[in-house]
Amino acid sequence: MTGAEKRNIVLCGFMGTGKSSVGKRLAARLNYRFLDMDELIEKETGLTIPQIFSSQGEPAFRALECRMVERVAELTGYVVATGGGAIVNPQNLQTLKRCGVVISLTADTKTVLARTGKGDTRPLLQGSDRVERIRQLMKQREPFYAQADFIVDTSKLRIKQVVQAIVDRLQAFGFTP
Ligand code: S3P
């Protein structure tokens, strides 16, 4: 892609909407580099996300996430997959918008449930009523995801189709394939 070399493409959205898998494919398609914020947090702390939540608590994780957002803002030419809660912090959203196009991926509850699956270790989806948990958290976060530059509903799409939908929409932001 040309015309917007200085910018990043930032994928936000609820858990299980495909940010990482779409991000990798999108980066390959556009010849961009790919960065997964949660993976980087894990690599740098030497702890898994569940370990960070259980040993240090969610506020400590959010602080790490915030620092990661600040670092992402220094980069150019990356497709970035954020963690599902990153843009719930308005400061993070503002920073990410400054450094690139922010895209929210969405999916319906059933799809998120199927994609996150049994044995999933995401700390925020633990507990007995997983469906209700997803519903509640999604509703709570909807207004934040809605502030992205554009939204792609991934519920009925394959990864390839999501990538194409994003590439199509990016043209309006000065990216030319
Ligand atoms: C979270 C989503 C997770 C991870 C952490 C918190 C969230 O990332 O950052 O468990 O608050 O929605 P994924 O969206 O990649 O699962």
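**The protein as a whole**

Welcome to a predicted model. The protein contains 8 helices and 5 strands. Starting at the N terminus, these elements follow the order β-α-β-α-α-α-β-α-β-α-α-β-α. Along the principal axes, the C-alpha atoms fill a box of roughly 45 × 35 × 25 Å. The radius of gyration is 16 Å, which agrees with the value near 16 Å for a compact globule, because the comparison is made for a chain of 177 residues.

**Where the ligand sits**

If you look for the ligand, you will find it in the largest pocket. Around the ligand there are 13 residues, and Lys19, Asp38, Arg62, Arg122 and Arg141 come nearest.

| Residue | Protein atom | Distance to a ligand oxygen atom |
|---|---|---|
| Arginine 122 | N or O atom in the side chain | 2.6 Å |
| Arginine 62 | polar side-chain atom | 2.7 Å |
| Glycine 84 | polar backbone atom | 2.9 Å |

How much of the ligand does the protein bury? Taken alone, the ligand exposes 380 Å², and the protein buries 92% of that.

Technical notes:
Residues are numbered from 1 along each chain as its sequence is written. This is a predicted model: local features need pLDDT of at least 70, side-chain atom pairs count only at pLDDT 80 or more; totals for chains, interfaces and linings use all residues. Side-chain values use heavy atoms; hydrogens and water are left out. A residue is near a molecule or strand if one of its heavy atoms lies within 4 Å of it. A polar contact is a pair of N or O atoms within 3.5 Å; within protein, one must be able to donate a hydrogen and the other to accept it, and residues adjacent in sequence count only if both atoms are side-chain atoms. Accessible areas come from the Shrake-Rupley method with a 1.4 Å probe; for residues, only the protein chains shown count as cover. On a 1 Å grid over the protein atoms alone, a cavity is a set of points where a 1.4 Å probe fits but cannot get out, and a pocket is an open set with protein on both sides within 12 Å along at least five of seven lines; lining residues have an atom within 4 Å of a point. A molecule sits in a cavity or pocket if more than half of its atoms lie within 2 Å of its grid points. Helices (H or I, at least four residues) and strands (E, at least two) are DSSP runs, numbered from the N terminus. The radius of gyration is taken over C-alpha atoms; the globule rule is 2.2 Å times the number of residues to the power 0.38.
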